[in-house]
Amino acid sequence: MSNRIDVKKTYKLFINGAFPRTESGRTYEVKNAKGVFVANPCLASRKDLKDAVVAARAAQPGWNKATAYNKGQILYRLAEMLEGRRAQFVDEIASITGVSKVKADKELSDSVDRLVWYAGWSDKISSLSGALNPVAGPYYNFTIPESMGVIAAIAPETPSLLGFIDVIAPIIVSGNTVVVLASTKAPLSAMSFAEVIATSDVPAGVINILTGKKDEIAPWMASHMDIDGLDITGLATKKHAELRIAGAENLKRIFSFKSHDPARILAFMEAKTVWHPIGL
Amino acid sequence: MSFYGLVDGTDASLKRYLDALPGVDQVGADARAAMLATRSIKTTSKRWAIDTAISMVDLTTLEGADTVGKVQALCAKAVRPDPTDLTIPSVGAVCVYNDMVATARTHLDSIGGHHVGVAAVSTAFPSGRASMAVKIQDTQDALNAGASEIDMVIDRGAFLSGQYIDVFNEIVEIKELCGDRAHLKVIFETGELVTYDNVRKASFLAMAAGADFIKTSTGKVAPAATAPVVLVMLEAVRDFYSMTKTRIGVKPAGGIRNTKDAIKQLVLVNETAGPEWLTPSLFRIGASALLNDLLMQRMKMDDGYYASPAYVTID
């Protein structure tokens, strides 16, 4: 029989490498699969999104300039840190979603593997999709993919950790920075993942995490002039058209994905073509 | 010189005048400034505040790397902050180093910016460490080049070592030089004055000596225009008005980078000095990055979605 008082964790946002509460002061209730109260995460507002975009924009040039090798190392570091906190994540996933510990453990393993897989792509993606183009003249003509800038993303509801990693890893591995809205019903693993990020040498502002309602935040993501691309994988298909219309106003690239593959990385990259005279 | 009848120009009278000032309640000033910073300004009030703040900006470039081209671009931006929206007011003035004054004045006049002033930072800005002869020549240069506002720095070393009369006499001399040709703004560099008591003393000293404006900082030293310091200065101009019926202007400069900060300053002005001070002739904000954020907030209010820095000019 213990006399200790429960130490409950406060789930906050993750913006610019810090853990602020939402500026709105709002929270919402998260319950587990059995309907029992678990936590009061932040209900982020559009102003939190605005702040996160400012942080992501400021961080982007530095992150983009890091070598592919370094970016790969940092993603691998995320995998290392996640592996070290296996027990905590398995508990969180199992308690919120109601899946068995065995299934939760499998999701954690898949998440770590997925991070390692994307880490490997950092120094290979430009070889895969870049090209030396044949041109009719004394020039070398290269096409190289480059990062797009600030990307917003809506993580799928489930699986809450693996789905989250599948959204952020392909975006940041190429040098983009990301503002991601975590699963609404199961945001805890994303918010605990913020602690992994904070201890993995990911520069402040490269990954920014919000928790809240998709219907409230997604339209502001689509219309924001300073977000270059939007991943709407986590949004119901019937909402896609509306967001694509809002995003068309500012030429935002909007995609949703079904699986993990290198196309996910390339979706948020832009091709740059360089002409270089031969013999100079 | 009458100095509003407050002092007679002697060291003894100046000491008496400054010693009679009550000390500043530091905790109270911090708390009052923090409380006023929580005011929420929305919709039409925010719209008014943004436009008012734009008209109060002293658009500043004080870099060793300033070029004629950069100053001209700054002037163009001062007259039309966003060329695609003619409803946006011009800023109050452009603020440049002395050698760029002629460039700025000529360019402003050539693009229809007669109403935008040129402020010159003089008297061995930013340190103020030069002989009086040099400071006078410096100011004379700026006036000859067409400056309509002189931003002078005080000798902080003299002030901190208690030689108030030296600081006083310098301001008097520069004021005489400016005459009717230019407004005189006196920069305290509050980050170096250490205490709020000193800020209050410097304020009353400068006002009695003939300053038209009192200005917090050069922008080269941190901390610069913190809210409590601006509060103390606004209280000083308010009290000076009740003593002399003369309204002195206030210019916070340095560290005011976004719309939220600017609106906090306007709230401070309204609640401390009073609404009479909410005009560019009595309140200015020295800034460079602020204007872009004001423009972006204005776009957001017009368009209904967040703006991008890619759609405003860099300088």
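Tutor: Gladly, and keep in mind that this is a predicted model. Let us begin with helix 8 of chain B, where Tyr164(B), Val167(B), Phe168(B), Glu170(B), Ile171(B), Ile174(B), Lys175(B) and Cys178(B) are buried.

Student: What makes these buried residues line one face of the helix?

Tutor: Look down the axis of helix 8 of chain B: the buried residues fall within an arc of 160°, so they line one face. Their packing partners in chain B include helix 1 (11-19), helix 6 (132-144) and helix 10 (196-209).

Student: How do you know that the length of helix 8 of chain B agrees with what a helix should span?

Tutor: Helix 8 of chain B has 15 residues, 164-178, and at 1.5 Å a residue these should span 21 Å. The end C-alpha atoms are 21 Å apart, so the two values agree.

Student: Why is Leu14(B) called buried?

Tutor: A residue counts as buried if 20 or more other C-beta atoms lie within 10 Å of its own. Leu14(B) has 23 such neighbours, so it is buried. This residue sits in helix 1 of chain B. Setting aside neighbours within four places in sequence, Leu14(B) is in contact with Val7(B), Tyr164(B), Ile165(B) and Phe168(B). The C-alpha atoms of Leu14(B) and Tyr164(B) are separated by 7.5 Å, although the two residues are 150 residues apart along the chain.

Student: What makes helix 10 of chain B largely enclosed by the rest of the structure?

Tutor: Twelve of its 14 residues are buried, so helix 10 of chain B is largely enclosed. Among them are Tyr196(B), Arg200(B), Phe204(B) and Met207(B).

Student: What makes strand 3 and strand 10 of chain A edge strands?

Tutor: These strands belong to an open sheet of three strands in chain A, with the order 3-4-10 and antiparallel pairing. Strand 3 (131-132) and strand 10 (269-277) of chain A each pair on one side only, and that makes them the edges.

Student: How do you know that strand 3 of chain A pairs with strand 4 of chain A?

Tutor: Pairing needs at least two bridges, and two bridges join strand 3 of chain A to strand 4 (residues 139-147) of chain A. Across this pair, Leu132(A) stands opposite Phe142(A).

Student: Which residues does a cis peptide bond join in chain B?

Tutor: The bond joins Ala222(B) and Pro223(B), with omega about 0°. Pro223(B) lies in the loop between strand 6 (213-215) and helix 11 (227-244) of chain B.

Terms used: Residues are numbered from 1 along each chain as its sequence is written. Chains are lettered from A and ligands numbered from 1 in the order in which they are written. This is a predicted model: local features need pLDDT of at least 70, side-chain atom pairs count only at pLDDT 80 or more; totals for chains, interfaces and linings use all residues. Helices (H or I, at least four residues) and strands (E, at least two) are DSSP runs, numbered from the N terminus. The expected span of a helix is 1.5 Å times one less than its number of residues. The arc is that of the directions from the helix axis to the C-beta atoms. Two residues are in contact if their C-beta atoms, placed from the backbone, lie within 7 Å.
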